[in-house]
Amino acid sequence: MRLTLQMLISHGKMARRMGLGPESRINMLRNILTGLVRHERIETTMARADEVRFYAEKLIDYAKKGDTDEKAMKMANFWLTEKDLIPKLFKVLAPRFEPHPGSYTRMVRIPNRENLDRAKMAVLEYKGNPFPPLYPASKENELTLINQLLKSYREDKAKELAAKT
């Protein structure tokens with residue numbers, strides 16, 4: 001009885017099941033992470049993007065230690081399947097995020113895939129990439145209710161100040 005309860009309760013220590021097994025899962029994550037470092041923006045399923053996001057941020061944390069750090073080089077060498085991207089990680093991405101304490105990636109939900117599985121899709125990107133933003137910059141609109149109320153409040157306060165002086 002006790003063994004079965006321990007098997008059923010994972011306490012959040014169980015990874016998502018992706019691919020054909022643990023080795024397949026790690027290889028898939030490595031390939032997605034390599035694509036993210038190369039292109040700085042990738043489109044993948046929501047579950048994969050969510051899983052890769054943790055490793056992408058950890059890789060940047062290690063890269064910020066510098067290419068002279070042995071553990072940082074081991075991590076970069078393991079996670080990046082294309083070895084020509086290691087200098088990009090240390091010379092381009094790490095200096096970009098040097099002043100930031102964390103949250104180097106942005107994940108944005110996009111419409112579901114159109115084929116049979118209708119999988120939830122997402123775009124995962126490093127912040128500060130050279131691509132145009134996924135969301136257009138919001139413009140201040142004077143005609144919204146809150147802006148109209150604030151405008152009339154400011155005008156009333158200005159009239160009160162003018163009447164006092």
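View 1. The structure is a predicted model, in which local features need pLDDT of at least 70 and side-chain atom pairs count only at pLDDT 80 or more, while totals for chains, interfaces and linings use all residues. Residues are numbered from 1 along each chain as its sequence is written, and side-chain values use heavy atoms, with hydrogens and water left out. The chain exposes about 11,900 Å² (Shrake-Rupley method, 1.4 Å probe), of which carbon and sulfur atoms supply 58%.

**View 2. Order of the elements.** Six helices and three strands are present in the chain; helices are DSSP runs of H or I with at least four residues, strands are runs of E with at least two, and both are numbered from the N terminus. Starting at the N terminus, the elements follow the pattern α-α-β-α-α-α-β-β-α. Of the contacts (heavy atoms within 4.5 Å) between residues at least 6 apart in sequence, 61% join residues at least 24 apart.

**View 3. The three-stranded sheet.** The strands form an open sheet in the order E1-E3-E2, with antiparallel pairing; two strands pair if DSSP finds at least two bridges between them. Strand E1 (41-45) and strand E2 (105-110) are the edge strands, each pairing on one side only. From one strand to the next, the twist averages 25°. E2 and strand E3 (residues 121-126) run antiparallel and are joined by six bridges. Arg106 stands opposite Glu125 in E3.

**View 4. Helices on the sheet.** Helix H2 (residues 22-39) packs on the sheet and touches E1 and E3, its direction making about 150° with that of E1. Angles run from 0 to 180 degrees between N-to-C directions, and axes are lines fitted to C-alpha atoms, for helices over the stretch in contact. H3 lies across E1, E2 and E3 and runs at about 170° to E2.

**View 5. The packing of H3 against H5.** Helix H3 (residues 46-63) packs with helix H5 (residues 86-96) at an angle of about 100°, their axes being 9 Å apart. H3 is therefore roughly perpendicular to H5 (65 to 115 degrees). Leu59, Ile60, Tyr62 and Ala63 of H3 make the contact with Leu89, Phe90, Leu93 and Ala94 of H5.

How values were computed
Angles under 35 degrees count as roughly parallel, over 145 as roughly antiparallel, 65 to 115 as roughly perpendicular and the rest as oblique.
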